[in-house]
Amino acid sequence: MKYLIILASLIMTGCHTIHFDKGEPSESSVTYERWHHNFALDLYEGSAPVDPSERCGDKEWTSVKTELSFVNGLATNVGAMILPLWYPKTASVSCK
């Protein structure tokens with residue numbers, strides 16, 4: 001029964017992506033990625049907000065993406081077996 005619950009939670013893990021695009025990316029675009037941590041049903045933000053100007057410096061940002069990947073969903077489900085508090089996502093910023 002325990003394995004059935006784990007399997008069902010893995011199957012029900014949905015992946016999603018949110019894009020914020022500004023202009024067209026160029027071939028020389030650089031992308032920075034990091035995990036963003038939320039807690040307590042995504043109500044409390046544990047990581048600092050993603051700031052494109054901080055990541056890109058003097059360069060112009062072209063895209064900000066927040067994604068719940070399969071690996072993020074897997075980490076959430078593993079944590080949910082103990083205590084459902086941690087909800088990681090991958091945040092990435094692309095700069096020209």
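Biologist: In which strand does Lys-89 lie?
Modeller: Lys-89 belongs to strand S5; strands are DSSP runs of E with at least two residues, numbered from the N terminus. Please note that this is a predicted model, in which local features need pLDDT of at least 70, side-chain atom pairs count only at pLDDT 80 or more, and totals for chains, interfaces and linings use all residues. Residues are numbered from 1 along each chain as its sequence is written, and side-chain values use heavy atoms, leaving out hydrogens and water.

Biologist: Is Lys-89 buried or exposed?
Modeller: Lys-89 is buried, at 13% relative accessible area. Buried means under 20%, exposed over 50%, and partly exposed in between, with a 1.4 Å probe and protein chains only.

Biologist: What is Lys-89 in contact with, leaving aside neighbours within four places in sequence?
Modeller: Its contacts include Arg-34, Trp-35, Asp-42 and Glu-67, where contact means heavy atoms within 4.5 Å.

Biologist: Turning to the rings, how many aromatic pairs are found in the whole structure?
Modeller: The search finds 2. Rings of Phe, Tyr and Trp (its six-membered ring) pair if their centres lie within 6.5 Å; planes under 30 degrees apart are stacked, over 60 edge-to-face, and the rest tilted. One of them is the tilted pair of Trp-35 and Trp-86, 6.1 Å centre to centre with 35° between the planes.

Biologist: Which strands hold Trp-35 and Trp-86?
Modeller: Trp-35 is in S2 (residues 30-39) and Trp-86 in S5 (residues 86-95), so the pair ties together parts 51 residues apart in sequence. Trp-35 is partly exposed at 33%, and Trp-86 is partly exposed at 29%.

How values were computed. Helices (H or I, at least four residues) and strands (E, at least two) are DSSP runs, numbered from the N terminus.
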